Amino acid sequence: MAAHNLEIRRSSASLWGGATGMRQLPVVSKFIDTTTCIGCKACEVACQEWNDLGPVSTRQTGTYQTMPELDPEFWNLIRFNEQEFDGGVVWLMRKDQCMHCEDPGCLAACPAPGAIVQYENGIVDVNPEACIGCGFCATGCPFDVPKFHAKTGKMAKCTLCVDRVESGLEPACIKACPTGCLQFGTKDDMVAMGHARVEQLKANGFANAVLYDPPGVGGTGVVTVLGHGDHLEWYGLPRDPRVPLGVRFWKSVLRPLGVVAIFGAVVGAIGHFMYQGPKEPPQTGGEPTGGEPPRTPRP
Amino acid sequence: MSATASRPPADSAILRARRSEDVVVGDEIVRHRLATRAIHWTVALFFFLALFSGLPIWTPVFGWMAHLFGGLNVCRWLHPWAGLAFFVSMLVMFVHWLGEMRLEPNDREWLRPRKMIEYMRYQGEDPEVGKYNGGQKLFFFAAALGALGLLLSGVVVWFPLEFPRIVRELAILIHDVTFILFVVAVVFHIYLGTAAEPGTFHSMIRGTVRKPWARLHHPRWYREVLGGKTRRP
């Protein structure tokens with residue numbers, strides 16, 4: 001999905017950014033309140049419809065979850081989990097999708113120029129025409145979101161409905177939500193709304209309620225209110241997601257060093273030739289005629 | 001043999017040169033018979049195919065190389081296959097050359113950087129250098145080991161979604177480090193084989209070297225060949 005009205009802030013495999021910063025757009029974010037989600041899956045259907053995805057065969061895993069994992073044709077999955085808590089059970093619904101990180105690991109890992117871009121408003125998007133389907137983005141993503149689409153040979157994930165957002169509309173999932181647990185707006189507004197909701201929850205017996213906006217990836221374009229913030233694993237969320245160290249080291253240290261080493265080797269060889277010159281047999285006395293091999297080693 | 005018998009005598013030497021190594025032909029010595037040269041250049045072909053299709057995936061600094069093949073999508077398809085062909089041809093070369101590349105006690109000196117520097121300064125010449133010097137043998141084994149490292153890590157990078165995250169990250173790092181060292185080594189391999197040591201490139205093209213070249217670079221081999229001992233195990 002390419003948004004033509006949005007300036008690109010960051011682009012994969014690009015050494016020199018193209019952003020002018022002329023048009024300052026507020027960073028947008030989704031707001032997800034897991035405590036008021038009723039698991040109706042309207043957002044899943046809206047996502048499929050708006051993005052012309054699927055239909056994908058659902059897979060029953062014995063829970064109220066549509067399928068076990070995100071799929072190249074299923075970008076928005078309400079994860080279901082049942083936990084014992086305080087003498088009873090709680091049902092936990094968490095909207096799993098691309099988190100639209102401020103510091104996207106997928107973009108850092110991507111080798112194809114322009115295949116993953118971050119727009120001025122913070123949305124992280126895959127451009128299929130530039131994507132080469134190598135899957136490096138999946139290695140870079142701490143949330144395991146990008147999926148390889150075998151039919152197209154490209155990676156696919158949630159676009160935050162960038163085609164709707166650039167036209168002033170809210171994402172399809174937000175539009176469809178009947179309880180208001182999904183909201184859309186500027187990141188600042190959504191974070192403020194999230195903190196207010198967390199305070200409300202704390203006052204109502206959810207002492208460990210948190211707003212999930214992990215700083216390790218610079219914050220995310222999807223902020224999630226969790227009733228049980230002390231048990232992130234209940235929601236299938238990593239505690240401190242970061243761009244993997246290997247990917248960082250590879251792109252920021254190994255690659256520049258390697259470029260220098262390769263050019264250095266060429267320059268070194270040329271320098272050696274200028275200083276030392278070729279190693280040639282002595283020209284004096286002509287060439288041996290072949291009959292008399294010298295039995296004594298040369299000094 | 002009846003076909004060769006009718007050829008002019010000048011050709012018989014060349015034909016002979018193509019079948020056997022370490023023999024004197026006029027003023028020259030056959031160093032690499034046709035099979036050796038063909039194997040070497042097959043490895044080189046697939047190496048450069050893999051290199052030039054891999055570099056644009058590695059960094060946009062070499063992004064322009066993708067146009068040699070018709071774009072980055074082509075590179076993404078071509079690179080693993082070229083790499084696989086490189087490994088297979090390297091395996092053939094390994095078996096082909098292993099007998100001649102056996103390390104001798106003197107060759108161990110080459111593990112020290114001082115020896116390599118001495119060599120590059122054209123100092124400390126060893127009259128006991130045989131057909132291949134210690135540096136060449138080390139490059140041979142390092143290249144074989146590097147090809148294996150590139151294959152194993154390359155398979156993971158080729159099918160990333162089949163492997164756990166930590167394996168993928170490690171594979172990318174191993175692939176990178178190995179290929180960088182490989183390219184640096186190949187730059188010097190090419191330099192030594194062409195500009196630095198005139199006559200060497202000819203030996204890999206036409207198969208023969210001139211006697212002074214052999215006496216300078218591989219004295220013991222020169223003595224062995226002219227002493228009538230044509231083949232070493």
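**Reading a two-chain model**

Modeller: Let us begin with chain B, where 68% of the contacts with a separation of 6 or more are between residues 24 or more positions apart; a contact means heavy atoms within 4.5 Å. This is a predicted model, in which local features need pLDDT of at least 70, side-chain atom pairs count only at pLDDT 80 or more, and totals for chains, interfaces and linings use all residues. Residues are numbered from 1 along each chain as its sequence is written, chains are lettered from A and ligands numbered from 1 in the order in which they are written, and side-chain values use heavy atoms, with hydrogens and water left out.

Biologist: Which helices and strands make up the secondary structure of chain B?

Modeller: Helices (H or I, at least four residues) and strands (E, at least two) are DSSP runs, numbered from the N terminus. Chain B has 10 helices and three strands, and from the N terminus on its elements run α-α-β-β-α-α-α-α-α-α-β-α-α. For chain A, the tally is seven helices and 11 strands.

Biologist: In what order do the strands of the sheet in chain B lie?

Modeller: Strands of a sheet pair through backbone hydrogen bonds, either parallel or antiparallel. Two strands are said to pair if DSSP finds at least two bridges between them. In chain B, three strands form an open sheet in the order 1-2-3, with antiparallel pairing. Strand 1 (24-25) and strand 3 (208-210) of chain B each have a single partner strand, so one side of each is left without a neighbour in the sheet. Strand 2 (residues 28-30) of chain B is joined to strand 3 of chain B by three bridges, and B:Ile29 stands opposite B:Val209.

Biologist: Which helix packs on this sheet?

Modeller: Helix 10 (residues 219-226) of chain B does, touching strand 1, strand 2 and strand 3 of chain B. Its direction makes about 95 degrees with that of strand 2 of chain B. Here axes are lines fitted to C-alpha atoms, for helices over the stretch in contact, and angles run from 0 to 180 degrees between N-to-C directions.

Biologist: Is B:Lys131 buried or exposed?

Modeller: Buried means under 20% relative accessible area, exposed over 50%, and partly exposed in between (1.4 Å probe, protein chains only). B:Lys131 is buried, at 1% relative accessibility, and B:Asp22 is buried as well, at 3%. A further salt bridge links B:Glu104 and B:Lys137 (3.2 Å, N to O). B:Glu104 lies in the loop between helix 4 (72-97) and helix 5 of chain B and B:Lys137 in helix 6 of chain B, so this pair ties together parts 33 residues apart in sequence. B:Glu104 is partly exposed at 24%, whereas B:Lys137 is buried at 2%.

How values were computed. A salt bridge is a side-chain nitrogen of Lys or Arg within 4 Å of a carboxyl oxygen of Asp or Glu.
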